[in-house]
Amino acid sequence: MPDFSPTEYAVPGFVALVLIEMIWAWRKRPTAYEPRDTLTSLAFGLGSTVSGLLFGGAFFALFLWVWQFRLFDIPWSWWAFALCFVLDDLKYYWVHRFGHRVRWFWASHVNHHSSQHYNLSTALRQTWTGFLTLGFAFALPLVLLGFHPGMIAICAGFNLIYQFWIHTEAIDRMPRWFEAVMNTPSHHRVHHATNPRYLDRNYAGVFIVWDKMFGTFEPETRDEKIRYGIVKQLGSFNLVWAVFHEWIGIVQDMWRSPWKHKMSYLLREPGWTHDGSRETSDQIRERWLERRGQAEKSVSFENRIADEAEAA
């Protein structure tokens, strides 16, 4: 097994691209970067690296143990890497989707969405508490199939590297053929948006085809300005609060709720409440669609009346 971590080699490139984007933002879009927000993102990245060092070894050891029960002996070959990369990206899609649809997973993933700015430093805003969700279990089927844990780790590293460059507003649209297959800045801006039409859409890591296959794709429209962040914005640059606020919210909701609803605050979608005091992303989207439908009917009626008056 080669001792190779692609993300370690990519760090200088990350830094260089952030600096280039800062120059672009200074000239073209001064609001793209906010110093305190950027420092918070960098602190997230540092803490996530430390967390990975502390817990990554234990997860890798577990994967090696599970690997002895593999169904096939998959070699370290180019075709195996290609297949592993595609299957790992499919795995990422479902981990990511669970990260938005189950509050226990969201408590960790919300860190990545907590910035109201969208730039390359946002890509570094990674969780410190991912180990608590046990999301690593989604990779166990790949291990049992026979992909070596080292191969899976390398593919996951390249997947993470790919996702860095799509966190930008400096790139508008890619060629149509590329947008049809690959995740792009346009697609991923949708994913980070809080606009009702965009909530919980475009979960892809590398290949946007997963969203198109599983019904979660939403194209970016030029008719509506994107608002970034989370539905209930943090309103603070306090790093500790940014990291743990959703975990604290879960504990508070479980403590205050009746016994029969306590686990629902952990396992149901973010925004769910037993008394309907908050809204889920589905409810927000449905309310928006209803309002839009009413507005379209109103416009259609007014146009019809105007046409009849003109004909008369």
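**Note on selected local features**

1. Asparagine 202 is placed in the loop between α9 (185-191) and α10 (209-214); helices here are DSSP runs (H or I, at least four residues), numbered from the N terminus. Its phi is near 60°, a positive value in a residue other than glycine. Asparagine 202 is buried, with a relative accessible area of 0% (buried means under 20%, exposed over 50%, partly exposed in between; 1.4 Å probe, protein chains only).

2. This is a predicted model, in which local features need pLDDT of at least 70 and side-chain atom pairs count only at pLDDT 80 or more, while totals for chains, interfaces and linings use all residues. Residues are numbered from 1 along each chain as its sequence is written, and side-chain values use heavy atoms, with hydrogens and water left out.

3. Leucine 134 also has a positive phi, of about 60°, although it is not a glycine. Most residues other than glycine have a negative phi. Leucine 134 lies in the loop between α5 (130-133) and α6 (140-145) and is partly exposed, at 42% relative accessibility.

4. Helix α4 (residues 103-113) packs against helix α11 (residues 239-256) at an angle of about 155°, with the axes 6 Å apart (axes are lines fitted to C-alpha atoms over the stretch in contact; angles run from 0 to 180 degrees between N-to-C directions). The angle therefore makes α4 roughly antiparallel to α11 (under 35 degrees counts as roughly parallel, over 145 as roughly antiparallel, 65 to 115 as roughly perpendicular and the rest as oblique).

5. Valine 11 is in helix α1 (residues 6-28) and is partly exposed, with a relative accessible area of 44%.

Methods. Helix = DSSP H or I, 4+ residues; strand = E, 2+ residues; numbered from the N terminus.
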